[in-house]
Amino acid sequence: MLGNGVVGIVSETVNKWERRAPLTPSHCARLLHSGSDKTGVSRIVVQPSTKRIHHDALYEEVGCHISEDLSECGLILGIKQPKPEMILPERAYAFFSHTHKAQKENMPLLDKILAEKVSLYDYELIAGDHGRRLLAFGKFAGRAGFIDFLRGLGQRYLSLGYSTPFLSIGASYMYSSLAAAKAAVISVGEEIATQGLPAGICPLVFVFTGTGNVSSGAQEIFKLLPHTFVDPSRLPGIFGTGKDAAQPTRTSRRVFQVYGCVVTCKDMAEHKDSTKAFDKADYYAHPEHYNPVFHEKIAPYASVIVNCMYWEKRFPRLLSIKQFQDLTRKGCVLVGICDITCDIGGSIEFVKQTTQIDSPFFRYDPVKDSYHQDMEGDGVVCSAVDILPTEFAKEASKHFGDILSQFVGNLASTKDIKKLPAHLMKACIAQGGALTPLYEYISRMRNSDSEEILKNPASHFNKKYTTLVSLSGHLFDQFLINEALDIIEAASGSFHLVKCEVGPSSHAMSYSELEVGADDEEVLDKIIDSLTCLANPNENQALKQEANKISLRVGKVQESGTKKENDTKKKVGVLIIGAGRVCQPAAEMLASIGGMSSQPWYKTCMEGDFEENSDVQVTVASLYLKDAEEITEGIPNASAVQLDVSDASSLHKYISEAEVVISLLPAFCHVTVANACIELKKHLVTASYVDDAMSKLNEKAESAGITILGEMGLDPGIDHMMAMKMINQAHVRKGKIKSFTSYCGGLPSPAAANNPLAYKFSWSPAGAIRAGRNPATYKSNGEIVNVDGKNLYDSAVKHRIPDLPAFALECLPNRNSLVYGDLYGIGKEAATVFRGTLRYEGFGEIMGILSRIGLFESEPHPLLKDGKKTTFRMFLSELLKIKSEEVDGSLRGEKAISEKIVTLGYCKQQSTAVRAAKTIIFLGLHEQKEVPASCKSAFDVTCLVMEDRLAYSSTEQDMVLLHHEVEVEFPDSQLKEKHSATLLEFGMTKNGNMITAMAFTVGIPAAIGALLILGNKIKTRGVLRPIDPEVYVPAMDIIQAYGIKVMEKVE
């Protein structure tokens, strides 16, 4: 069965709240639909479960088989340990086994695994090149635990007579998503910032212990509140500032925020010898040399202790029962303990019981040393839930599966672990009925730690010379325990395990005490010397022997203090080339990353993904320095430079200083920039179409290890992302796309559509006019339709969007729609594939008439040659074939012009001709003004007057409207559905300046593309479009959280 490519997913049985899954339906879909030759997975069997976060039907819809029987599966995945009787022989299993440190309670499971010749992979042991675990839920425990405690804090304060905004927070599992939970906390934060907290509970101080993933997750939620972090040494100071003595009615600002303080071991203990400073390495080796000080220096000022730090019995407690009783007698402000580590009877001695998700609190009364299951009465409320990550089962499963799915194929298709990548091979504890070499120490430790030996050590450990050796450090995650035991046995010594306290993560130290013995004193000394060399590879100093006990430090301990809020932040550079309108929204978004702790979109979508303590330094480059300076003025972390992209040395200089480049130049310039990025191994984002020249750079970009992300704007860009989301959701449900239609337009807002054409330009009209002359191809009900460029305007048809009935619109076909059928993977299944451009009704008729008149011709015109001077009226009369002596009469008004248009056959309907005449007059083409010498063609003249007369005023809004419709058939059920998605965005005024909707919806996606690359969300290298889930899923999340809303509907 091993390596047969069939994967099983077990039904979790350990806890009723366990709703997580190792792979979500989306992960399964990707594994199955990408082909077994690529993924290594040929079939997925899912055990039915009525409580798993994703229903069985969703797995079935993507091609999984639902069955209790997993006997055909070579690899079986779970989250928690399965019951021993569920283990099938000669299979591979992957789950959190908690066996690699010889944990006694899980040895029966390991015995069953060995007896059934099972290959066991432990998620906890899968580590990356940096040595950190790849698969972990610590941040989710911190997030859920802190949110749950805020809820209890509100209830506790109410019982003490204080109403607080925390009362509106629910338990984590009550929210549909982590983003929804964060939104609730943000709402509470806004209320605190505006209304304040009761003065009687302020300052409200949260003390976080440790700096690992758990603490990081808890702090992530804390930072959603208005907050200030303080150094532990400054805690007494914030209690010394209440109301201003001179102004007793003035409320202190401390009621409008909460305070955070992060403490590590250096804040919890100090050396008994007052002349010696705290030394972390010494503290881990000799904790007995240190006195606890947390109860004196930290606890008196803490309103809430959020315990996120691993603790061992050999270290001083954070807070003992006696210490807390003493604090209570002195008047303690402590209200609660949020023990996310769930360390029962551990660092906080009076936390002696676990709590449940549906009953997460108990109250401890230190005076009576009693425990109560209510919020009323004296003491503190405590939470100690041991399965917190499952409260965010959806996000936790996605996070876990995103990583697991990258290598599940290796595990499913490999029979010989020696052929696995190193990080997976190291995670295999057992294979073929035996422990793998790295984990042979487990049986050695078990043999030395049998109950018989513990009861009567002398009868089993009969050595003449013995000593007690303590080993602390990364004993198990770095396999140093193997080296230590090898040293003992190689010298013919022996050992038995006296004590073993294991760290809960790869960041935490473990501690073991071994009684080491030998029959010869010199042999024992040799063993101790060898262990000393292992512990201190760069030290030759002899160890002091005290009372027949030797303490060793195994592995290196690095000092890592608490990061403070005002630490110097790492700068990562983004170069934006091109200083047009699109640039400003992109620059503002990226440059403000360092201050994003106050931005809800950043908190809900990116925090934890982007490297902490990093600022983005934006450089805006333009051919004209003044343009770049106008963009960067007033934007922190942004600077302007002059750059001519044809100057290779300057281009290379500025690209080399950036991590990501955004090119907002005209499309023909992108290849020049892209080649420089490839040479310098820098990522590139553009908002333009990926043309043939850019596509040809794919292999070079892959070889350089860079991502070139094109079409990251509105159209193309957001249109792709909306389309792929709708199409893939239908395909996951086994639906077939029968029709895909997409409409997009940049338009004036209704109030600004105040001219006969009902259209305005936010930049040069040349591009829009040229686009109106492009041929178009699309598919309608199975028929291919071709539209010649000369007839494009005449092909416009009336269009109404059901949910926006007030807009009188028309659409024109947009280039070759068939390309997008293939790009979206629906070219063969969809009978209709159409992409159109939206305009207000009547636009196409008027532009068609102007085109037939000859106003869009780009060939040099005789009247404009060789510096000849002419007026707009004379030029128009030439186009309308009016004799010079008849000019004044024929161009007197709209009636005369409209009649001439009909006479020439440019239009059949008088009413339409009148609208065209009104447009001509509005543009000033009938005026007796001189045509500038710069105009050489009719096209030049038209662009000139349109840019002048059809420009937005400084207070007018533009509008962007994007609408998709997808018709889906489900062959199995004969069901038909119509899906629609609509984006409607208007220009906005910011700091007195109008930011156009077009610039905003093009610039923001480009900035998001750069942000996703910086946050390592996009791992694929080469030339990409935003049509893959790794791009469009996080990008659309940020786009909508940033305020660009998409209305979705299913009929």
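Let me begin with a definition: a residue counts as buried under 20% relative accessible area, as exposed over 50%, and as partly exposed in between, with a 1.4 Å probe and protein chains only. What I am showing you is a predicted model, in which local features need pLDDT of at least 70 and side-chain atom pairs count only at pLDDT 80 or more, whereas totals for chains, interfaces and linings use all residues. Residues are numbered from 1 along each chain as its sequence is written, and side-chain values use heavy atoms, with hydrogens and water left out.

With that in place, take N781, which counts as exposed because its relative accessibility is 64%. N781 sits in the loop between β30 (776-780) and β31 (783-787), where strands (E, at least two residues) and helices (H or I, at least four) are DSSP runs, numbered from the N terminus. Although N781 is not a glycine, its phi is positive, at about 50 degrees. N637 also has a positive phi without being a glycine, here of about 60 degrees, and it belongs to the loop between α22 (625-632) and β25 (638-642). At 23% relative accessibility, N637 therefore counts as partly exposed.

Staying with the loops, I would point out two cis peptide bonds. One joins C202 and P203, with omega about 0 degrees, and P203 is in the loop between α6 (178-195) and β7 (205-209). Another joins D715 and P716, with omega about 15 degrees, and P716 is in the loop between β28 (707-709) and α27 (718-732).

Now to the sheet that contains β7. It is an open sheet of 8 strands with mixed pairing, in the order β8-β9-β7-β12-β13-β16-β14-β15, and two strands pair if DSSP finds at least two bridges between them. Which strands stand at the edges? They are β8 (227-229) and β15 (370-372), each of which has a single partner strand, so one side of each is left without a neighbour in the sheet. From one strand to the next the twist averages 25 degrees; angles here run from 0 to 180 degrees between N-to-C directions, and axes are lines fitted to C-alpha atoms, for helices over the stretch in contact. Helix α7 (residues 213-222) packs on this sheet and touches β7, β8, β9 (258-263) and β12 (304-307), its direction making about 160 degrees with that of β7; contact means heavy atoms within 4.5 Å. Elsewhere in the sheet, β14 (residues 362-365) and β16 (residues 380-383) run antiparallel and are joined by 3 bridges, and Y364 has V380 in β16 as its bridge partner.

My next topic is a pair of helices. Helix α20 (residues 583-591) packs against helix α36 (residues 997-1014) at an angle of about 40 degrees, with the axes 7 Å apart. On the α20 side P585, A586, M589 and L590 take part, and they meet residues of α36 including F1000, G1003, I1004 and L1011. By class, this contact of α20 with α36 has 11 nonpolar, 1 polar and no charged residues; Ala, Val, Leu, Ile, Met, Phe, Trp, Tyr, Cys and Pro count as nonpolar, Asp, Glu, Lys and Arg as charged, and the others, Gly among them, as polar.

Leaving aside neighbours within four places in sequence, I901 is in contact with I849, I853, Y906, C907, A913, A916, A917 and I920.
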